[in-house]
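Welcome, and please open the model in your viewer. We will go from stop to stop, with something to select at each one.

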Amino acid sequence: MSLSGAAAEPHTEQPFLQHHFALPEQQAEASKIGMWLFLVTEILLFGGLFAGYGVMRMLHAEAFHQAHAHLDRALGALNTVVLLVSSFTMAMAVHSARRGERRKLVLFLALTLSLAGVFLGVKYVEYSHKFHDGLLPGRLYAHRGDATAGQFMFFSFYFLMTGLHGLHVAAGMAVIAWLLRRARRGEFSARYYTPVDLTGLYWHLVDMIWIYLFPMLYLIS
Amino acid sequence: MTGRNYLNERRGLWSWLTTRDHKRIGVMYLWSTLLAFFLGGVFALLIRLELLTPGKTVMSADTYNKMFTLHGAVMIFLFIIPSIPAALGNFVLPLLLGAKDVAFPRLNLASYYLYLAGALMALATLAMGGIDTGWTFYTPYSTSTGGAVNLVTLAVFVLGFSSIFTGINFIATVHKLRAPGMSWFRMPLFVWGMYATAVIQILATPVLGITVLLLLMERLLGIGIFDPKLGGDPVLFQHFFWFYSHPAVYIMILPGMAIISEVIPVFSRRPIFGYRAIAFSSVAIAGVSFLVWGHHMFVSGQSVLASAIFSFLTFLVAIPSAVKVFNWVATMYRGSISLQAPMLYAISFLLLFAIGGLTGLFLGALATDVHLHDTYFVVAHFHYVMMGGTVIAFLAGLHYWWPKMFGRMYSERWSRVAAALIFVGFNATFLAQFVMGSRGMPRRYYNYLPEFQPLHILSTAGSWVLALGLLIMAGYLLASLRRRPDAPPNPWGGLTLEWQTGSPPPTHNFERTPRVEGGPYDFHLVSEEAAAGRQR
Amino acid sequence: MSTASQAESSPRTYLRVLAALLALTAVTVLAAGVNFGAPSINVVIALAIASLKGSLVALYFMHLRHERPMNAVIFLTGMAMLAIFLMFCFLDTASREPVAPSAAPAAQAAGALRPSSARILRAS
C-alpha cells in the first residue's frame, strides 16, 4: 500500500476524512481505540467509588444493611430494565447507521433519548422520596429513628454513585440529542457514522455501570 | 533553514491559539511547563533559604508549609508530569512515526487548554492564602483545614483530564499512524517509552480524579469515608492517592528513559544494545508500577500482610529499570562517543538515576523504611530519580531536539558550562540530604536540631549552583532564538525519521510519506559520512 | 466504516441478548431474597450475574465479539487494574483492625483520634 503520491483524492471525496489519516477505515479504527481508552478511564473513575463503598461496607455491615432497606427495589429494577432496553435501542441505532438507514437511525436515537429521560425521571422520583425522608448524604442526613448509627454513610455513597452516574446519563442525553439533530440532517451514512458508533459505546458503558450499581446498592443484604 | 515551516507558515496569536498542529501544541506546552519549572524552582530556592538556619530564617512556619506544598504540587502536576510527554512528546512522536499529526489533533488542543485551566486554578490558590497540606493532601488534615484546598483539588481534577487526553492520543497514534514499513519493532524506543507512559496515564489518572472528588465531597458534605470520627478510614485515602501517585512517578521517569534510549545510540554511533529488552522493560515497568503503591504506606497503619506483599513487589520493579541501565552502558561500549550537550546530560542521567534507583531499595525494604520514612533520605531519593533522572533526561531531550524544533543551534561552550554547574550543584544539594536523612533529619520540618545545620548549608549552597547552571542554560537557549535559523536538518547524524525533514519541519511534517525499511539505530549499516542519514 | 469484512450481530441477536439481560435481571432480584447461608454468598452471586450481564453488553452491544482484539484487550486491562485496586484495598482492610476502635460510626466526635502509625511503632 503505497501512500506517498495518492494523498489528494481520498480526502476530497470524503470530507469527513481528516488530513493526517490516509484511509477512512484507519480513522474509524483509531477513533474506536480512543473511545475504548476513554471508557477505561470511566471504569476506573467509578471503580474508585466501588472500592470506597466496598471498604466502608465491610466496616459497617449492619448500618449499611439497614440503610439499604430504604431504597425502593421496584424503582431500581424498573430503571435497570429501562437502561437495558435503551442499550438495545442504541445498538439498533448504530446498526441502522451502519446500513445507511436514516429513518431507523433517527427512530432508535429518539427512543434511546426518551428512555434515558425516563431513567432520569424515575431517579428524580427516588431522590424526592429520599429528600422527603431526610435520607441525605453526610452531614445533611436528617433521618430519625435509626436502629444503628452511621447509616448516613450509605447514603453518602448512594448519592455519590447514582449522582455521578446520573450526570453521565444526562451528558449522554445531550450527545444523543446532538446526534439526533445531525442524523435528521442526513450527516451520517454507511460510509461515515463514527460519532454514532462512539456514542453507542459510551451509552453501553453507562448501562454497564448501572448493571453493577443496582445489585450493589439495592439488592445485597 | 529559512523557508516555510510550522513556525512561520501561519502567523499571529490566533493561529497559535486555534492550532491543531501537534508541533505548535508541543511548543505551547514547552513554554508553559518551563514557566512552571521556573516557578517551582523559585519555591525550592526559598525553602532552601529558610533552611539555612534552624528556626526562623526568612519566613514563618506557616509560610514554610505553604512553600513546600506549592513546590511539590507545581513541580509534579504542572511541570514534571506534562513536560516530556506533552511538550517534547507531542512535537516529536508523530515525526518519529512518519505521521502527519497525532490521531486526535483537536483533543490535543483541548488537552492543552485543560492544562492551562488547571494551572490557572492552582496558581489562583496563591492569591487565596495557599495550601499547607503537603502535595499529598493526606486526610484528616486536608479535610479539616481551611485554605484553598477545594480549588486546588478541582485544579488537580482538571489537570488529570489533560493528562488522560494526551495518553489517549498517543496510544491511538502509535497503533494507527505508523508510516508504511514501520513495524512495532522498528519504532524508535522513545515511542515505546511514550506508549508505556500513556498506558499508565489512562489507567491511573482516573483514580486520582475520584480521590480528589471524594476529598472535595468529604470537605463539603462530610460524607465520612476518610474521617475516623465518622467511621471512615484515613488510610483508605492513602490507598486511593497512591494508586495513582505511584504509577505517576513512572509517568515521570519512563519518558525520561525514552529520551536516553534515543540519545545514547546517536552519540555513541552504535545500535542500541538489546532493543527488545528495553522495549519490553518499558511495558513491564508500566505493569508492575501498579502493584507497588503500598510502599508509601508502610508506617501508615496499613496491615503488615499488605505491607510485606507490597515490599516484595517493589523489589521486582527495580529489575526492568536495571536492564535498561545495563543496556545503555553496553550501547556505549566501544562506541564513538561525542560529548555534546545531549550526551553530557545522558551520561549524567546514568549516574544520577542509578543512585536514585538504588536508594529506592532501602526505602522498599520494610525494616529500613521504618527508620527512613519521612526523613530527608526520601526527599533525596525522589529528587535523584525525578530531577537527576527525569529533569536531566528532559534537558537531554531539549538539547537534542532544540535545533529541530526551532531551527537554531545553541552555544556548545555555554551548554557545557551549564551542564557542569547543574551536575555539581545537583549533587551538592541532594547528596547532603541522603546523609542528613539517614541521621534522622525529618522532611517538611521548619525547625531542626543544630547538628544538621552544616549539611543544610551545603545543600542550600548546592541549590544556588544548580540555579546558576539552569539560568545560564535559559540564557543561551533564549539567545539562540535570536540567531538566524541556521540548523541543518540533521545536526547530530541521527537515523530516526525526524531528522529526514527540515529543521524546523514544515507544517505537514514530511514532503513525502516516509517508507521505512530498517531499524532506527542501524549505525552499523550506514557510513560515517551519512550525516543526512535515513532510517532506511 | 464501509468494510463489509467486519461482521456484526443481527437485530435478532440483539433482541436475544436483551431478553437474556432482562431474564438475568429477574434472576438477580429473586436471588437477592434467598438466604444462602452467608451474606457473602449473595454478594458473589450478585457480582457473578452482573458480570455475566456486563459481558453480554460488551460482547454484543459493544461489538467486541466481532472486532479486532485490541479493543477487548483495552477493556479487559481496565477491568484487571480495577480488580487489583479493589483486591489490595480489601486485603488491607480485612487484615487489620478498624482505625477507630469504637467501630460504630458516630456523627459526633467520641474522644481523641488515635494516630494509626502508633500501632506499628509500638510493635517494632
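Begin in chain A with Gly186(A), which follows helix 6 of chain A and has a positive phi, near 75°. Helices here (H or I, at least four residues) and strands (E, at least two) are DSSP runs, numbered from the N terminus. Before going further, note that this is a predicted model, in which local features need pLDDT of at least 70, side-chain atom pairs count only at pLDDT 80 or more, and totals for chains, interfaces and linings use all residues. Residues are numbered from 1 along each chain as its sequence is written, while chains are lettered from A and ligands numbered from 1 in the order in which they are written.

Now select residues 151-184 of chain A, which form helix 6, with 34 residues. From its first C-alpha to its last, helix 6 of chain A reaches 49 Å, close to the 50 Å expected at 1.5 Å a residue. The expected span is 1.5 Å times one less than the number of residues.

**Where chain A meets chain C**

Show chains A and C together. How many residues of chain A are in contact with chain C? There are 45, and they are in contact with 42 residues of chain C; contact is counted when the C-beta atoms of two residues, placed from the backbone, lie within 7 Å. On the chain A side, the elements giving two or more residues are helix 2 (24-59), helix 4 (73-98) and helix 7 (194-219). Helix 2 of chain A gives the most, with 17 residues. By class, this side of chain A has 31 nonpolar, nine polar and five charged residues. Ala, Val, Leu, Ile, Met, Phe, Trp, Tyr, Cys and Pro count as nonpolar, Asp, Glu, Lys and Arg as charged, and the others, Gly among them, as polar.

**Chain C**

Next, show chain C by itself. Its secondary structure comes to four helices and zero strands, in the pattern α-α-α-α along the sequence. Of its 124 residues, 29% count as buried. A residue is buried if 20 or more other C-beta atoms lie within 10 Å of its own, exposed if 12 or fewer, and partly exposed in between, with C-beta atoms placed from the backbone.

Select helix 1 (residues 11-32) and helix 2 (residues 39-61) of chain C. Their axes come within 10 Å and cross at roughly 170°. Axes are lines fitted to C-alpha atoms, for helices over the stretch in contact, and angles run from 0 to 180 degrees between N-to-C directions. Helix 1 and helix 2 of chain C are therefore roughly antiparallel; angles under 35 degrees count as roughly parallel, over 145 as roughly antiparallel, 65 to 115 as roughly perpendicular and the rest as oblique. Residues to pick out include Leu21(C) and Leu24(C) in helix 1, and Ile45(C) and Ile49(C) in helix 2. This contact divides into 15 nonpolar, three polar and one charged residue.

**Chain B and its side towards chain A**

**Inside chain B**

Select helix 4 of chain B (residues 105-127), which has 23 residues and reaches 34 Å from its first C-alpha to its last, close to the 33 Å expected. Its buried residues, among them Tyr112(B), Leu114(B) and Gly118(B), pack against helix 2 (22-50), helix 3 (61-97) and helix 6 (149-176) of chain B. Just after helix 4 of chain B, look for Gly129(B), with a positive phi of about 105°.

Move to helix 3 and helix 7 (residues 189-221) of chain B, which pack at an angle of about 130° with their axes 10 Å apart. That makes helix 3 of chain B oblique to helix 7 of chain B. Residues that meet here include Val92(B) and Leu93(B) in helix 3, with Phe190(B) and Met194(B) in helix 7.

For a last stop, find Leu313(B) in helix 10 (residues 304-332) of chain B. Is Leu313(B) buried or partly exposed? Leu313(B) counts as partly exposed because it has 18 C-beta neighbours inside 10 Å. Not counting residues up to four places away in sequence, Leu313(B) touches Val288(B), Leu291(B) and Val292(B).
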